[in-house]
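Subject: Handover of a structure and the findings from it

Dear colleague,

Please find below the structure that I am handing over to you.

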Amino acid sequence: MSLPLRPQPCLEVRQLSVSYDRRCVIDAVSTVMHRSRITAIVGPSGCGKSTFLSCLNRLSDLTPGCRLSGSIRLDGDDILSARTDLIRLRRRVGAIAQRPNPFPLSIRRNITMPLEHHGLRHRDRREAVLERVLRRVGLWREVRGRLDQPALALSGGQQQRLCLARALALEPEVLLLDEPCSALDPVASGVVEDLIASLRGATTQVIVTHNLAQARRLADDLIVFWTDEGRGTIVEQGPADAVFTSPQSAITAAYLSGSRG
Ligand SMILES: Nc1ncnc2c1ncn2[C@@H]1O[C@H](COP(=O)(O)OP(=O)(O)OP(=O)(O)O)[C@@H](O)[C@H]1O
Ligand SMILES: [Mg+2]
């Protein structure tokens with residue numbers, strides 16, 4: 001699917017600050033993630049990338065002591081408002097976490113239970129989605145003979161792909177991917193990367209990765225986080241090609257060249 005000529009804002013973040021137990025870890029960041037494009041977030045460990053991602057569908061609410069200020073607009077609506085319907089928000093903005101977190105249920109139920117919860121009543125249709133999404137993440141052949149076995153018995157990389165399949169099953173408008181390939185071998189990593197590329201033009205994706213080559217292959221837009229005495233900030237952002245080829249800040253230049261971070 002082709003991208004619109006002029007990028008449209010999907011998620012607009014203004015002056016977002018985040019603290020854990022009053023310790024500020026993200027300091028007044030502002031950015032825009034565009035509809036149907038792939039935005040990659042890179043930066044050194046501990047600079048707040050996962051924290052930032054968790055704010056975009058309010059999973060941050062589940063962390064005790066985590067406080068947010070600023071605004072995050074999804075299609076113009078401030079999702080930080082107390083009136084936000086969190087179930088609807090998390091259906092629209094799906095996520096896979098840095099550490100795989102399958103439900104302690106069977107492989108099948110990991111996919112079919114959320115579908116049931118969101119109103120897909122026909123068993124046959126749930127089963128069809130199950131097969132489709134497991135195929136998309138390259139897991140079907142590995143697990144089709146043991147769909148009723150515990151998901152937690154899968155390897156880390158298989159669990160990660162199951163979580164991606166679970167997110168895809170609900171057809172989110174926005175997909176947040178935190179290091180989706182870090183636990184994967186090169187073959188599975190290639191499958192997931194191709195899948196992310198294939199969703200370009202249809203789904204807004206925000207991917208955190210430590211793999212700069214992967215960011216370069218996938219990203220339409222790039223956001224570079226940095227940390228100043230534990231406070232995460234954005235040091236550079238823009239179209240990925242421009243940031244990679246002519247970074248404006250010395251920190252970004254050193255980081256993207258591999259000499260820092
Ligand atoms: N649940 C939590 N409670 C307290 N502090 C936390 C919590 N989660 C993260 N932090 C702190 O917030 C800061 C940012 O962490 P975060 O996990 O967002 O970084 P990151 O950029 O994703 O790092 P990495 O690349 O290693 O995954 C770190 O100082 C971390 O110790
Ligand atoms: Mg992280």
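Two residues are said to be in contact if their C-beta atoms, placed from the backbone, lie within 7 Å. Helices (H or I, at least four residues) and strands (E, at least two) are DSSP runs, numbered from the N terminus. A residue is called buried if 20 or more other C-beta atoms lie within 10 Å of its own, exposed if 12 or fewer, and partly exposed in between, with C-beta atoms placed from the backbone.

The model is a predicted one: local features need pLDDT of at least 70, side-chain atom pairs count only at pLDDT 80 or more, and totals for chains, interfaces and linings use all residues. Residues are numbered from 1 along each chain as its sequence is written, while chains are lettered from A and ligands numbered from 1 in the order in which they are written.

The chain as a whole

The secondary structure of the chain consists of 10 helices and 10 strands. Along its principal axes, the C-alpha trace spans about 55 × 40 × 35 Å. The radius of gyration, taken over C-alpha atoms, is 18 Å, which agrees with the value near 18 Å for a compact globule of 261 residues; the globule rule is 2.2 Å times the number of residues to the power 0.38. Of the 261 residues, 39% count as buried. Among contacts between residues at least 6 apart in sequence, 67% join residues at least 24 apart.

Helix H7

Helix H7 covers residues 186-199, and its 14 residues should span 20 Å at 1.5 Å a residue; its end C-alpha atoms are 20 Å apart, in agreement. The expected span of a helix is 1.5 Å times one less than its number of residues. Ala188, Val192 and Ile196 are buried in H7. These residues cover an arc of only 80° around the axis, so they lie on the same side of H7; the arc is that of the directions from the helix axis to the C-beta atoms. An α-helix has 3.6 residues a turn, so residues three or four places apart point the same way.

What covers the buried residues of H7? The cover includes strand S3 (38-42), helix H6 (156-169), strand S7 (174-178), strand S8 and helix H8 (212-218). On the face turned away from the buried side, H7 carries the exposed residues Pro186, Val187, Asp194 and Ser198. Just after H7, glycine 201 takes a positive phi of about 95°.

Helices H6 and H3

H6 also has 14 residues, and its first and last C-alpha atoms are 20 Å apart, close to the 20 Å expected at 1.5 Å a residue. Because 12 of its 14 residues are buried, H6 is largely enclosed by the rest of the structure. Among the elements that cover the buried residues of H6 are strand S6 (93-96), H3, H4, H5, S7 and H7.

In helix H3 (residues 107-117), the buried residues are Ile107, Asn110, Ile111, Thr112 and Leu115. They pack against helix H4 (123-136), helix H5 (140-143) and H6.

Residues with a positive phi

Most residues other than glycine have a negative phi. Aspartate 75, which is not a glycine, has a positive phi near 50°. Aspartate 75 is placed in the loop between strand S4 (66-74) and strand S5 (77-78), and it is partly exposed because 14 other C-beta atoms lie within 10 Å. Glutamate 179 likewise has a positive phi of about 50° and lies in the loop between S7 and H7. Glutamate 179 counts as buried because it has 21 C-beta neighbours inside 10 Å. Just after H6, glutamate 171 takes a positive phi of about 45°.

Valine 208

Valine 208 is in strand S8 (residues 204-208). Is valine 208 buried or exposed? Valine 208 counts as buried because it has 23 C-beta neighbours inside 10 Å. Leaving aside neighbours within four places in sequence, its contacts are Ile41, Lys49, Ser50, Leu53, Leu177, Asp178 and Glu179.

The surroundings of ligand 1

A residue is near a molecule if its C-beta atom, placed from the backbone, lies within 6 Å of it. The residues around ligand 1 include Tyr20, Val25, Lys49, Thr63, Gln98 and Gly230. Helix H1 (residues 49-55) gives the largest share of this shell, three residues.

Yours sincerely
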